[in-house]
Amino acid sequence: MPPYAELIGDPVAHSKSPDIHLFWLEALGIHGDYGRRRVEKGGLASYFAERLADPDWQGCNVTAPLKEAVLGHLDTLSAEALAVGAVNLVRNMSGKLVGDNKDRAGIAEAIPPELVEGKSILLLGAGGAASAAMLHLLRSRAAEVRLAARSLEKAQKVAAYAGGALPIRIVPMTDLGAFAGADGLVNATPLGMAHAPMPAELIQAVARLAPGAFVFDMVYAPLETHLLKEARRSGHFAIDGLSMLVGQADPSFQAFFGRTPPRSRDAELRRELERR
Ligand code: NAP
């Protein structure tokens, strides 16, 4: 086998990560591969044991619902993985499993600091991606975060990643008042995917955001979610999940294959991804 990496999670069939890595491998003429493997939480120990026995395996990206579950299977964690309490990249470093998190790097491509600094941001969700977003909002000097989640306990955990350095108001997902006057909305839940439609009242509440607000939807399957459609209709700045996906794939590719991906071909890559 050539050197290879893959995406693990459950489900993984919808993911465009393999398309991104395969595009870059081909563009650079690298003899390598990137696949996908459905792994359940209970199957993680046997998955890693099997892969560690294969010297061609460079590591894996990790998606829901495994980002926190993998923590207990790894030898070392990067500072970034520790800072957000979740892993989306595992590297095989001479038989040692090293966990890292590149979601924040992806979020920074989607909503760069200049969109966030001094702004009031509404963040939906309290999982691994929301933790990475919280860290980005903190480092980009947001003025305030309204954190909407269905679990108060998980929301408090996500808020703790900001270490008290950022004003955070935790609200239930049903509190539509949290939309009023916010300068940006980040959806870090699966709401909007085919199996989990976003409730109509949340979509309609987009009209309550401040004029010119951005709406960033991490969901990328479908790419044009109902939330983004409503954002465009309301005159807001809509940002889809592909920029984050490509942004987190970039450092992962470098970790697996030791080369910088050809980002000058991003427009061509996006057209390919939109076609799939
Ligand atoms: P996760 O750790 O499983 O967290 C999902 C969060 O969404 C949790 O807070 C969960 O609530 C909440 N949630 C799930 N279903 C909900 C519902 N019906 N109503 C309200 N809240 C609900 O997943 P993650 O890694 O943070 O990823 C979240 C989503 O972001 C993914 O589904 C994916 O679409 C997207 N994502 C995109 C990229 C990208 O590159 N574009 C990267 C990472 C993630 P509970 O805590 O109560 O379960």
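A polar contact here is a pair of N or O atoms within 3.5 Å; within protein, one must be able to donate a hydrogen and the other to accept it, and residues adjacent in sequence count only if both atoms are side-chain atoms. The model is predicted, so to speak of local features a pLDDT of at least 70 is needed, side-chain atom pairs count only at pLDDT 80 or more, and totals for chains, interfaces and linings use all residues. Residues are numbered from 1 along each chain as its sequence is written, and side-chain values use heavy atoms, with hydrogens and water left out.

Let's begin at the ligand. Its shell holds 23 residues, with A126, A129, R150, K154 and M218 the closest; a residue is near if one of its heavy atoms lies within 4 Å.

| Residue | Atom on the protein side | Distance |
|---|---|---|
| G128 | backbone N or O | 3.1 Å |
| A129 | polar backbone atom | 2.7 Å |
| R150 | side-chain N or O | 2.8 Å |

On its own the ligand has 920 Å² of accessible area, and the protein covers 79% of that (Shrake-Rupley method, 1.4 Å probe). The shell comprises 13 nonpolar, six polar and four charged residues. Both α6 (128-139) and α10 (242-257) give at least two residues to it.

Now for the cavity. Searching the whole structure turns up one cavity of 30 Å³ or more, and the largest cavity has about 50 Å³ of space. Its lining includes L191, M198, D217 and H226, and divides into four nonpolar, three polar and one charged residue.

Technical notes. Helix = DSSP H or I, 4+ residues; strand = E, 2+ residues; numbered from the N terminus. Nonpolar A, V, L, I, M, F, W, Y, C, P; charged D, E, K, R; others polar. 1 Å grid on protein atoms, 1.4 Å probe; cavity = no way out; pocket = protein on both sides within 12 Å on 5 of 7 lines; lining within 4 Å. Points joined across faces, edges and corners; volume = space filled by probe spheres on them.
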